[in-house]
Amino acid sequence: MEDLGMRKARSVYRILTEALDKNGWKYKADDDRITLAYGVKTENDDEPVTFTVRVDAEHQIVLLKTQPLLSFPAERLVEGAKAVCAANNVLVDGNFDLKLKGGALTYRQALVFRETTLLSVEALRFLLNYSIFAINTMLDKFALVSEGKLDGAGFCEACKSIE
């Protein structure tokens, strides 16, 4: 018999699949690992961004992560780090991560369900849709920093118009 934490996680997982269905997004489900994977085309990129959403029964969170969105070359890492700090300061939820080794930029966002399983489809749709908003808003600016066309200060300036 499954423990309470796993039962709660599976309940949240079912609601998560409803949220993806309501968005009309196709996904690959791994019911055993309570993980979903999907791709969404962003406004500024021809290739879809690949997302993985895992319901973590032990920590009682829904964790959304992307595959690397882009990689900063070694000579642009400092400016990339400044840009990541500026972006994370603007976001109301989630954050971008920059790996110093290799320069990979990713996005992650989490939603805790420790005290309840009463997460609504709309709460999970916010998680899904806000991640797309964050990436659509920032990815082209990160690309300019990576290409050397914008520095960290310029990125900060460009973020001032984001609401």
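## Basis of the description

Axes are lines fitted to C-alpha atoms, for helices over the stretch in contact, and angles run from 0 to 180 degrees between N-to-C directions. Helices (H or I, at least four residues) are DSSP runs, numbered from the N terminus.

The model is predicted; local features need pLDDT of at least 70 and side-chain atom pairs count only at pLDDT 80 or more, whereas totals for chains, interfaces and linings use all residues. Residues are numbered from 1 along each chain as its sequence is written, and side-chain values use heavy atoms, with hydrogens and water left out.

## Packing of H1 against H3

Helix H1 (residues 4–23) packs with H3 at an angle of about 65 degrees, and their axes are 8 Å apart. The crossing of H1 and H3 is right-handed; a crossing has this hand if the near helix is turned clockwise from the far one by less than a right angle, and is left-handed if anticlockwise.

In the contact (heavy atoms within 4.5 Å), H1 contributes Val12, Ile15, Leu16, Glu18, Ala19, Leu20, Lys22 and Asn23, while H3 contributes Val121, Glu122, Leu124, Arg125, Leu128 and Asn129. By class, eight of these residues are nonpolar, two polar and four charged. Here Ala, Val, Leu, Ile, Met, Phe, Trp, Tyr, Cys and Pro count as nonpolar, Asp, Glu, Lys and Arg as charged, and the others, Gly among them, as polar.

## Packing of H2 against H3

Helix H2 (residues 77–90) and helix H3 (residues 121–146) have axes that come within 10 Å and cross at roughly 160 degrees. H2 is therefore roughly antiparallel to H3, a term for angles over 145 degrees. The crossing of H2 with H3 is right-handed.

Glu79, Gly80, Ala83, Val84, Ala87 and Val90 of H2 meet Met138, Phe142 and Val145 of H3. This contact of H2 with H3 has seven nonpolar residues, one polar and one charged.

## Nonpolar core and Phe142

The largest nonpolar core has 50 residues, of which Phe96, Phe142 and Phe155 touch the most other members. Such a core is a set of buried Ala, Val, Leu, Ile, Met, Phe, Trp, Tyr and Cys residues joined through side-chain atoms within 4.5 Å. H3 supplies the largest share of this core, twelve residues.

Leaving aside neighbours within four places in sequence, Phe142 is in contact with Leu70, Phe72, Ala83, Val84, Ala87, Phe96, Leu105 and Phe155.

## Met6 in H1

Met6 lies in helix H1 and is partly exposed, with a relative accessible area of 25%. Buried means under 20%, exposed over 50% and partly exposed in between (1.4 Å probe, protein chains only). Not counting residues up to four places away in sequence, Met6 touches Ile34 and Ala57.

Technical notes
Helices (H or I, at least four residues) and strands (E, at least two) are DSSP runs, numbered from the N terminus. Angles under 35 degrees count as roughly parallel, over 145 as roughly antiparallel, 65 to 115 as roughly perpendicular and the rest as oblique.
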